[in-house]
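Keep the viewer open as you read.

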Amino acid sequence: MAAMGLERRVKVAEVALRCMVCALAALAAALVGTGSQTRTFFSLEKEARFTDMKALVLLVAAHGAAAVYSLLQLVRCAAAAAFMSAASQSGGGAAAVAWSVFSCDQAVAYVLMAATAAALQSSVVGKRGQPELQWMPICGLYGAFCRRVGEGLASAVAAGLAAVLLAAVSAFNLFRLYGGGRKSSAVAGNGAATW
């Protein structure tokens with residue numbers, strides 16, 4: 001009975017984390033992707049956009065893809081929950097699904113954290129400049145753009161942390177299939193261990 005309670009809590013945590021990753025990654029991509037500001041210098045207009053910094057382009061692409069992936073995984077979770085009785089009859093394929101979900105969740109977590117780290121590093125240069133190279137800080141000139149990107153980066157950090165926690169949950173879902181003892185083999189055999 002306690003195993004069923006744990007399994008239910010793990011499933012609820014997985015769905016909640018997938019919702020968080022989907023929402024936060026979409027928010028990060030939207031905030032950074034739509035941020036722009038135009039300034040006029042001596043009758044010459046210059047617009048700051050996320051495409052001017054390649055790390056922000058990577059951030060928008062990675063977080064957009066992660067949001068779509070998380071949405072697809074939510075659909076998979078819902079379908080698996082709806083057809084749980086049919087899955088318990090068939091028994092096979094739980095390990096293959098768990099391995100593929102684990103691998104994809106790990107890749108998403110790594111990509112989100114790498115894209116966020118690159119964007120944070122580039123944003124620090126934009127905020128503070130690089131005096132040794134005589135690069136001036138641009139956030140004094142494009143304050144609204146920098147604030148918008150900063151909001152997107154905060155959401156990106158939260159999405160990355162949620163993806164890391166989700167990768168841990170998917171690792172738990174996978175490796176409990178290979179747990180020792182008779183009881184874990186029975187859980188793995190009925191297909192209820194993974195969604």
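**From layout to salt bridges**

Going along the sequence, the chain runs α-β-β-α-α-α-α-α. That makes 6 helices and 2 strands, where helices (H or I, at least four residues) and strands (E, at least two) are DSSP runs numbered from the N terminus. Before going further, some ground rules: this is a predicted model, so local features need pLDDT of at least 70 and side-chain atom pairs count only at pLDDT 80 or more, while totals for chains, interfaces and linings use all residues. Residues are numbered from 1 along each chain as its sequence is written, and side-chain values use heavy atoms, with hydrogens and water left out.

Now for the chain as a whole. Of its 195 residues, 38% are buried; here buried means under 20% relative accessible area, exposed means over 50%, and partly exposed is in between (1.4 Å probe, protein chains only). Take the contacts (heavy atoms within 4.5 Å) with a separation of 6 or more: 80% of them join residues 24 or more positions apart. The chain exposes about 10700 Å², and carbon and sulfur atoms supply 70% of that area. Accessible areas come from the Shrake-Rupley method with a 1.4 Å probe, and for residues only the protein chains shown count as cover.

You can check two of the spans against the model. Residues 53-72 are 95% helix and 0% strand, with their end C-alpha atoms 29 Å apart. Residues 156-175 are 100% helix and 0% strand, and there the end C-alpha atoms lie 28 Å apart.

Next, go inside. A nonpolar core is a set of buried Ala, Val, Leu, Ile, Met, Phe, Trp, Tyr and Cys residues joined through side-chain atoms within 4.5 Å. The largest one has 18 residues, and those with the most contacts inside it are Leu17, Val21, Ala25, Ala66, Val108, Leu112 and Ala163. Helices α1 (2-34), α2 (54-82), α4 and α5 each supply at least two residues of this core, with α5 giving the most, 6 residues.

The elements that give two or more residues to the patch are α4 (94-128) and α5 (143-175), and α5 gives the most, with 3 residues. Leu120 lies in helix α4 and is partly exposed, with a relative accessible area of 35%.

Which residues are linked in a network of salt bridges? They are Glu14, Arg18, Arg76 and Asp105. A salt bridge here is a side-chain nitrogen of Lys or Arg within 4 Å of a carboxyl oxygen of Asp or Glu, and the count by that rule comes to 3. Start with Glu14 and Arg18, whose side chains meet at 3.1 Å, N to O. These two are 4 residues apart in helix α1, so about one helical turn separates them. Glu14 is buried, with a relative accessible area of 2%, and Arg18 is buried too, at 0%.

From Glu14, a salt bridge also runs to Arg76 (3.5 Å, N to O). This pair links distant parts of the chain, with Arg76 in helix α2 and Glu14 in helix α1, 62 residues apart. From Arg18, the partner is Asp105, at 2.8 Å, N to O. Here helix α4 holds Asp105 and helix α1 holds Arg18, and the two are 87 residues apart. Asp105 is buried as well, with a relative accessible area of 2%.
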